[in-house]
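Good morning, everyone. Please look at the screen while I walk you through one protein.

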Amino acid sequence: MDKKTVLIMVGLAAVMSACSKPYEVDPNAAAGQAGAYGSDAYGTGSYGSYGGQSSGYGNFYDDPAYGVNVIGGPQASEKDRVIYFSYDSSRIDQRSENVIREHAKYLREHPQTMVVLEGHTDERGTREYNIGLGERRAYSVKDVFQQAGVGVDQIRVLSYGEERPAVWGSDEDSYARNRRAVIIY
């Protein structure tokens with residue numbers, strides 16, 4: 001092949017990959033139903049739908065049942081896997097601590113189980129700042145896990161910053177839903 005043909009093929013491949021959908025769209029997400037998930041790299045189906053509508057993660061923090069009667073472990077509901085944060089903060093509040101403690105209890109009882117702590121932010125701030133803030137949020141959860149006796153080798157931290165929002169939108173409700181850490185088994 002000559003250089004021109006190779007360049008054309010590379011260009012076409014780049015255009016095709018840029019136009020592809022990176023996330024599976026679940027039709028249930030458009031209706032705002034809880035549990036509307038696409039797939040993730042771990043096969044757990046825990047990421048929200050990215051079709052422009054709300055995912056199953058919702059804003060559970062406004063739910064009076066958030067942080068109450070929490071069940072830790074892989075069988076936990078989606079509301080029992082999300083830790084919410086205030087604007088520009090990585091501080092964990094009491095209700096979120098209840099969620100983390102129940103997962104820590106499960107992890108202590110099942111030392112072979114591993115979790116990924118995903119840190120997320122809203123869209124405000126630079127990409128670099130948001131990656132750092134998402135990481136600080138995930139490490140805040142990790143710190144509580146470790147204080148509760150969970151082994152460091154059971155925990156992996158990953159920050160997506162603003163790259164994987166729970167919901168699309170530029171209003172305070174959307175921002176609040178996206179400022180989170182998610183516990184993935």
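I'll start with the overall layout and then turn to the salt bridges.

This is a predicted model, where local features need pLDDT of at least 70, side-chain atom pairs count only at pLDDT 80 or more, and totals for chains, interfaces and linings use all residues. Residues are numbered from 1 along each chain as its sequence is written, and side-chain values use heavy atoms, leaving out hydrogens and water.

The protein has 5 helices and 4 strands. These are DSSP runs, numbered from the N terminus: helices are H or I with at least four residues, strands are E with at least two. Along the sequence, the pattern reads α-α-β-α-β-α-β-α-β.

How much of the protein is buried? Of its 185 residues, 45% are. Buried means under 20% relative accessible area, exposed over 50%, and partly exposed in between (1.4 Å probe, protein chains only).

Now the charges. Side chains of opposite charge can pair when their charged atoms come close. We call it a salt bridge when a side-chain nitrogen of Lys or Arg is within 4 Å of a carboxyl oxygen of Asp or Glu. The whole structure holds 8 salt bridges.

Take Lys79 and Asp80. Their side chains form one at 3.0 Å, N to O. Both residues are buried.

Next, helix α3, residues 94-109. Glu97 and Arg101 sit 4 residues apart there, so about one helical turn separates them. Their salt bridge spans 2.6 Å, N to O. Arg101 is partly exposed, at 42% relative accessibility.

Finally, a network of salt bridges links Asp122, Arg124, Glu172 and Arg179.
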